[in-house]
Amino acid sequence: MDARERTIEVEVVYALPDNQVMRRLSLPAGITAQQAVELSGISSIFPEIDLSQNKLGIYGKLVKPGTILRHRDRVEIYRLLLVDPKERRRRRAKEFAALKKNK
């Protein structure tokens, strides 16, 4: 069997705070992360997904959209950050300090 006839099994996931969608797909070997996302149909459920803005990962590690997938890869579509995590920690520290001061 040559490489063009082989298929791989992959998962494509997108998670919101209260909802997660996962699609298991059987795709031709040589498919890219971006192609898997497009074929999954998740973008039609969540029109806010913009593959020119949203980053992709495989098992928590950032990858380029053109990354060739391997059998059993899990492609993750990451949401855009509303607040930088470092800034969020600074804000919480200030709030905690203010609460402590007022006690």
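Visitor: Is Tyr-14 buried or exposed?
Guide: Tyr-14 is buried, with a relative accessible area of 3%, where buried means under 20% relative accessible area, exposed means over 50%, and partly exposed is in between, for a 1.4 Å probe and protein chains only. Before we go on, please note that this is a predicted model, in which local features need pLDDT of at least 70 and side-chain atom pairs count only at pLDDT 80 or more, while totals for chains, interfaces and linings use all residues. Residues are numbered from 1 along each chain as its sequence is written, and side-chain values use heavy atoms, with hydrogens and water left out.

Visitor: How many aromatic pairs does a search of the whole structure find?
Guide: The search finds one aromatic pair, the criterion being that rings of Phe, Tyr and Trp (for Trp, its six-membered ring) have centres within 6.5 Å, with planes under 30 degrees apart counted as stacked, over 60 as edge-to-face and the rest as tilted. The pair is made by Tyr-14 and Phe-46, whose ring centres are 5.0 Å apart and whose planes stand at 55°, so it is classed as tilted. Tyr-14 lies in strand β1 and Phe-46 in the loop between α2 (42–45) and β3, so the pair ties together parts that are 32 residues apart in sequence. The helices and strands named here are DSSP runs numbered from the N terminus, a helix being H or I over at least four residues and a strand being E over at least two.

Visitor: And Phe-46, buried or exposed?
Guide: Phe-46 counts as buried, at 6% relative accessibility.

Visitor: Which residue touches Tyr-14 and Phe-46?
Guide: Asn-19 touches Tyr-14 and Phe-46, leaving out residues up to four places away in sequence, and a contact here means heavy atoms within 4.5 Å. Asn-19 sits in strand β2 and is partly exposed, with a relative accessible area of 35%.

Visitor: Let's zoom out, then. What pattern does the protein chain follow along the sequence?
Guide: Read along the sequence, the protein chain goes β-β-α-α-β-β-β-α, with three helices and five strands.

Visitor: In what order do the five strands sit in the sheet?
Guide: The five strands form an open sheet with mixed pairing, in the order β2-β1-β5-β3-β4, and two strands are said to pair if DSSP finds at least two bridges between them. The edge strands are β2 (19–28) and β4 (61–63), each of which pairs on one side only.

Visitor: How is β1 joined to β2?
Guide: Strand β1 (residues 7–16) and β2 run antiparallel and are joined by ten bridges, with a hairpin of two residues leading from β1 to β2.

Visitor: Switching to helix α1: which of its residues are buried?
Guide: In α1, the buried residues are Ala-33, Ala-36, Val-37 and Ser-40. Seen down the axis of α1, they fall within an arc of 100°, so they line one face of the helix, the arc being that of the directions from the helix axis to the C-beta atoms.

Visitor: What do those buried residues pack against?
Guide: The buried residues of α1 pack against β1, β2, α2, β3, β4 and β5.

Visitor: Which residues other than glycine have a positive phi?
Guide: One of them is Tyr-59, with phi near 50°, which lies in the loop between β3 and β4 and is exposed, with a relative accessible area of 54%. Arg-72 also has a positive phi, of about 70°; Arg-72 is placed in the loop between β4 and β5 and counts as exposed at 62% relative accessibility.

Visitor: Last one: how much of the protein chain counts as buried?
Guide: Of the 103 residues of the protein chain, 27% count as buried.
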